[in-house]
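Please read the points below with the model in view. They are written as a colleague's note, and each takes up a single topic.

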Amino acid sequence: MGLFNFLFYRRKNKDKGNVTGEEFFQEERLSKQYFRNHEQNKQQIDQLFNKNFDFKMESIKLGDKDACVCYLETLLNKDDLTDKVLSAAQYTAIDGTNRNMDTIRDTYFPTLSYEYADNFHRVVWHILNGYAVIMIDGEEKALSLQIGNIEHRAIAEPSTQTIIRGPKEAFIESIETNISMVRRRIKNPFLTFESFHVGRDTKTTVAIGYIGDIMNEDILDEVRMRIQKIDIGGVLDSGNIEEFITDKTFTPFPLIFNTERPDTICGDLMEGKAAIFVDGSPFVLTVPSILTDFFQSSEDYYQPFLMSSFVRMIRYISFMIALVLPSLYVALSTFHQELLPTLLLLSIQAQREGVPFPAVIEIFVMELTFEIMREAGVRMPRAVGQTVSIVGALVIGQAAVEAGLVSNVLVIIVAFTAIASFVTPIYNFSISTRLLRFVLILFAAIFGLYGVLLFLVAMVIHLASLRSFSVPYLAGVAPFTIENQDDIFVRIPAWANRKRPTYLFAKAPIREKGNESPSPPPAKGGSK
Amino acid sequence: MSKSLVEKISLWQLAVLIFIFEIGSVAVVGVGNESKQDAWLAVAIATGIGICLISFYMFLLKKLPGKNIFEIFTFCFGKWFGKVISFLYVLYFVYIASRVLRDFGELITTVIFETTPIEVVMITMMMVICYMLYLGLEVFGRTAEVFLPYVFSFILLIGIAILLSGEMEFENLQPVLAEGFGPIMKHIFPKLLTFPFGELVAFLVIIPAVTHFDKAGKVSGFAVLVSGFIIMYQKFIAIVTLGPEQLDRTVFPLLSAAREISLLQFIERVDLVIVFIVMFGIITKVSVFFYAGLKGLEHLVNLPYRYFVFPIAAIICYCSVQISANYAEHIEEGLKFIPFYMHVPFQILLPIAITPLLIWKGKKQQRGTDKHGSV
């Protein structure tokens, strides 16, 4: 049955293209019919909304006809409503002529953006979206007027993906504002945003943004198909739909990139990726994403290329450190002491002398403690934030060593690992290292270096098997493509980087032609 | 026959696989040590013959593009006899896979985990290989690509590190060709030719899955050449570091050579690290034979090979423990028995035997299509 549903919905959605308001309430108890009889309509709406304190239904006269304005006052600007709708409606009474819907709109509400609702579902949908819906006796459709907007948080600096040089604005919770931030940056007429409504209860607006003359059609179809397939109660953040459209859920690696930076999104769109905006979430997803995307920050392109290449290397190295350092410690100190230089070994062993635990227990407990502190630090009220850092630093750092419970070296290793795991520009990528680190420690405790390597090989095999929207997750590295090496581990100067990543199969593989080095050509002969 | 899982690897992935495959277990056990200080020369000559061999294999494959060796057998010998030959090859591949696995198990238990049972090492490693092959040939190719830089650069770095440690004695290379070419040739055929170069026969299963089949010949020839150079380089390091006498005595020559490394009073005992680098070579090598065997089974019983991954892996693990009582016996088998009774027939004689049949049948088929007109 589940399979049947899956196939059925897929087929249905494929034919449908964009989902609009009226299809939403089909499965619910609402009748669809919109009557010509004014009283029946009013009754129907009243039945649905009458328990709500913010629902208003004001009877007015438009010309010689009875009409009423329905709206949820919490969703629109009351002043605007009075100014633009109610007062304008008064003039119609004076006017007194018999008009139809279109002329009424033309004459009295010419400046307001509007939509007609010709069935009951649409009326309800418009009310829920903050329109003022005017129903007129005898008309076969209702007029929905958009009035004012609801307040949003102001655009602020990014809080999770900060940079030093570059644009400092971040997305907010309103999808319109977010899209406008992208539109302001890209003035390409092919920049398209397709909207979908996802969630049985929330009917959240989800928009796919792409540049039509760059983005590969097959990948785009796949994105559309997966978003239409989503069947979920509510979408409160882009994280909700991420799990529905990802290629594989059972993996510690994120297969979908998210960012709160408009400039990053613009860069991705121009590379030939699709961005998924979700109303109510300041985090925008981009697909397809590959592993190396998570090691890049938009600042890489604003700083000199030598520096950003170096920083990228640092990121890869710190990823490895965050992943394997604790397990290397376990492996080396329990199995392969001969790999350490004698003096270092002596110093480590001397420190470990009074420690009552084997290295693996020691490191497990410390890593666990750190994870607890980290979670506490994120979750706790700001006002008591100081406490954790003091308690953490004093108790875990110093007192534990002085009490002889753990060795100094180990504290250094745990601290260094923790710092290294914060280097990744995208927070949710560090989840992979946080989870796999513990497994690795276990492998190191059982099989030593052999176990660590075996696990790493298995991890690489797993990575090689992953795909994000049909693009191999390790694209650029495996399958190796020499053309993409200009923007993976290092970044070459922008004027030399003319190609879009080949793994995205962009329609226009060349970014721009004819760029040359800005440095002047070497002088011929001696100078005069 | 289930054709839903048609997997392709790129030319570069093929080259990487051949390269890692070739230098994989050679780095562990070492070959051509009987030729003493001329071992590198023996490897050079064997590489030349190895390239001829892979060209010959390519010649066979090109007769029936897109068909692997098992399908070629069926084409040549008919359904039933072809299946018998294919079954023999499956046995051969599985057997060699377990031998390679044993090589590595011995290495680990000798050098690192003296008290660990060899079965533990083999089973854990086999589980990783299973995982990889279960995910398919594409994943295998990509994984090999990821590890190539490490394998390659570490083998290069060993030589440089030994040189910087001042442990190389270039006099060890002399006298060159003290006993003439005769003994060298005797060592090349069949031992050095069949291992590692003749083992490329397993690629008769993989090469047909390459995207640009027409270029596969050149690429694989090139890969053999490069890996020949690397093996030569390894031999060269082992000879100049250890000297011919010690080279003959030692069980794991490259490892003994790497033990001499001592740099900055910090980088010491790197031989352990080398064991782990070699690990990926072994994984590749076992996987190639394992995959070849699995594809053979797929051809024999018309079921997707994924069904057989775990059962055959269990068999390989069991075989690799049971094939010999100890390492000395294992090596003795590998040097005295295997080359003559298994490598030569399967790598050289049988392929040569099918050549006339293949040409004759191919011509007959062509005439047939010419007569009846192509579809």
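1. In this predicted model, the side chain of A:Arg500 has a polar atom 2.6 Å from the backbone oxygen of A:Met270. Such a pair is a polar contact (N or O atoms within 3.5 Å; within protein, one must be able to donate a hydrogen and the other to accept it, and residues adjacent in sequence count only if both atoms are side-chain atoms). A:Arg500 belongs to the segment after strand 12 (471-472) of chain A. With a relative accessibility of 9%, A:Arg500 counts as buried (under 20% relative accessible area; exposed is over 50% and partly exposed in between, with a 1.4 Å probe and protein chains only). Leaving aside residues up to four places away in sequence, A:Arg500 touches A:Ile214, A:Glu271 and A:Asn484, among others; here contact means heavy atoms within 4.5 Å.

2. On conventions, residues are numbered from 1 along each chain as its sequence is written, and chains are lettered from A and ligands numbered from 1 in the order in which they are written. Local features need pLDDT of at least 70, side-chain atom pairs count only at pLDDT 80 or more, totals for chains, interfaces and linings use all residues, and side-chain values use heavy atoms, with hydrogens and water left out.

3. Chain A contains 15 helices and 12 strands (DSSP runs numbered from the N terminus: helices are H or I with at least four residues, strands E with at least two). Its radius of gyration is 30 Å, well over the 24 Å that the globule rule gives for 528 residues, so chain A is more spread out than a compact globule. The radius is taken over C-alpha atoms, and the rule is 2.2 Å times the number of residues to the power 0.38. Of the residues of chain A, 49% count as buried.

4. A:Leu339, A:Tyr450 and A:Ile461 supply 26% of the area that chain A buries against chain B, more than any other three residues.

5. Across this interface the rule finds one salt bridge (a side-chain nitrogen of Lys or Arg within 4 Å of a carboxyl oxygen of Asp or Glu). The partners A:Arg467 and B:Glu138 meet at 3.7 Å, N to O.

6. Side chains of opposite charge can pair when their charged atoms come close. Within chain A, A:Glu371 forms a salt bridge with A:Arg434, the closest N and O atoms being 2.8 Å apart. This pair links helix 12 (residues 359-379) with helix 15, the two residues being 63 residues apart, and both A:Glu371 and A:Arg434 are buried. A:Asp300, A:Arg312, A:Arg315 and A:Asp487 are linked in a network of salt bridges.

Technical notes:
Buried area = accessible area lost by both parts, 1.4 Å probe.
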